[in-house]
Amino acid sequence: MLLKVSALLIVMLTSLVHATDKPLFLLENANQEVSAYQDATLQLSLQEQLYSNKRWRSLIKNKRLSVSLVDLSNDGVRYASINGDNMMYAASMPKIAVLYTAMDAIEKGDLEYTDEVKTDMWLMISKSNNAASTRMIDRVGFQRIEDVMCDPANPFYDQYSNGGLWVGKRYAAQGRRHPEPIKGLSHAATTEAVAKLYYQLATGQLINNERSSEMLHYLKDPSLHHKFVNTLDQIAPEADVYRKSGSWKNWHCDSVIVWDDERKKHYILVAMVESPDGEKIIRNLVRPAEAALNKTPILLQDIQSGETVKPAHI
């Protein structure tokens with residue numbers, strides 16, 4: 001049975017990765033830095049939505065909640081963030097750095113794009129399978145991951161600033177740690193670094209358009225339906241969703257590209273939180289984020305639960 005499933009998976013992945021699509025978002029003279037598109041109106045709207053929740057406001061103040069939002073719904077790009085440059089422990093979310101590094105190695109001819117590699121990349125991203133992730137890390141090595149993340153031509157980690165995306169440990173009990181130099185984290189991210197990676201994927205800039213398209217295929221239609229995806233299943237069941245999340249103890253994070261032609265919403269949302277109820281918090285961030293995109297009034301809150309209440313027009 002396992003062999004049959006693997007065979008079907010390989011056929012599916014082979015058909016996907018051989019297709020070259022146009023970028024999700026065509027952008028002329030695109031800047032590689034998503035932060036270059038900081039938008040004051042979106043920033044104020046996002047702050048208004050999140051600060052309206054007393055619990056979230058406290059987490060933000062204590063650097064335990066970070067959010068980045070990229071609007072790709074119109075001709076231009078708009079970016080906003082709260083604690084976007086605050087590096088936190090990110091559990092499985094930095095597996096996207098392994099995906100990027102592996103695709104970079106494949107593009108340069110340093111890693112053979114075998115059926116086994118394709119299967120492990122899908123398992124690593126869609127299922128967040130730790131064994132497959134560890135195999136991919138072993139194939140490319142920590143040094144290559146660091147070199148790609150710290151590439152001065154397109155950095156996703158800056159040791160002289162606020163850090164960013166980092167993978168410094170296999171997703172296994174065995175193996176030495178290679179922590180990042182600022183906070184000593186083994187798996188780290190900032191929401192801005194993740195938003196930048198997704199923005200470059202959506203605009204076809206990460207390596208090149210063909211490789212960006214292939215990486216998006218691995219991120220599409222996630223197998224796990226919690227956090228952001230739990231809410232998106234309810235409010236945007238027809239949307240294309242590209243996603244990678246992570247959780248460990250009190251650290252929870254999620255990252256998503258939402259491509260919803262039916263509702264005319266196209267955006268990137270990344271969140272990281274340190275809280276025992278972090279999964280629930282992340283799940284409840286989707287509607288306020290969409291409200292910020294819509295420039296709608298502050299969401300009402302349930303007095304007893306402190307949760308946001310869905311307005312009729314969202």
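Buried means under 20% relative accessible area, exposed means over 50%, and partly exposed lies in between (1.4 Å probe, protein chains only). Keep that scale at hand for the tour.

This is a predicted model, in which local features need pLDDT of at least 70 and side-chain atom pairs count only at pLDDT 80 or more, while totals for chains, interfaces and linings use all residues. Residues are numbered from 1 along each chain as its sequence is written, and side-chain values use heavy atoms, with hydrogens and water left out.

**Stop 1: helix α9**

Select residues 209–219, which form helix α9. Helices here are DSSP runs of H or I with at least four residues, strands are runs of E with at least two, and both are numbered from the N terminus. In α9, 9 of the 11 residues are buried, so the helix is largely enclosed by the rest of the structure. Colour R211, S212, S213, E214, M215, L216, H217, Y218 and L219 to see the buried ones.

Now look at the two ends. N208 caps the N-terminal end, with a side-chain oxygen 3.2 Å from the backbone nitrogen of E210. After the helix comes D221, whose phi is positive, near 55 degrees.

**Stop 2**

A salt bridge is a side-chain nitrogen of Lys or Arg within 4 Å of a carboxyl oxygen of Asp or Glu. Which partner is buried? R211 counts as buried at 12% relative accessibility, whereas E107 is partly exposed at 36% relative accessible area. A search of the whole structure finds 18 salt bridges, and the next two stops show others.

**Stop 3: D120 and R135**

Select D120 and R135, whose side chains form a salt bridge at 2.8 Å, N to O. The pair links distant parts of the chain, with D120 in helix α5 (residues 115–126) and R135 in helix α6 (residues 130–140), 15 residues apart. D120 is buried, with a relative accessible area of 5%, while R135 is partly exposed at 38%.

**Stop 4: strands β8 and β9**

Move to D254 and R243, where another salt bridge joins the side chains (2.7 Å, N to O). D254 sits in strand β9 (residues 251–260) and R243 in strand β8, 11 residues apart. Both D254 and R243 are buried. For a group view, select D104, K108, D110 and R144, which salt bridges with shared partners join into one network.

**Stop 5: the loop at A239**

Next, select A239 in the loop between α10 (228–235) and β8 (240–248). A239 is buried, with a relative accessible area of 11%. What does A239 contact, leaving aside its neighbours within four places in sequence? The residues are V258, W259 and D260, where contact means heavy atoms within 4.5 Å. The C-alpha atoms of A239 and W259 are 5.5 Å apart, although 20 residues separate the two along the chain.

**Stop 6: two cysteines**

Finish with C150 and C253. C150 counts as partly exposed at 29% relative accessibility, whereas C253 counts as buried at 1%. How many disulfides does a search of the whole structure find? There are 0, a disulfide being a pair of cysteine sulfur atoms within 2.5 Å.

Definitions and conventions. Polar contact = N/O pair within 3.5 Å; in protein donor to acceptor, adjacent residues only side chain to side chain.
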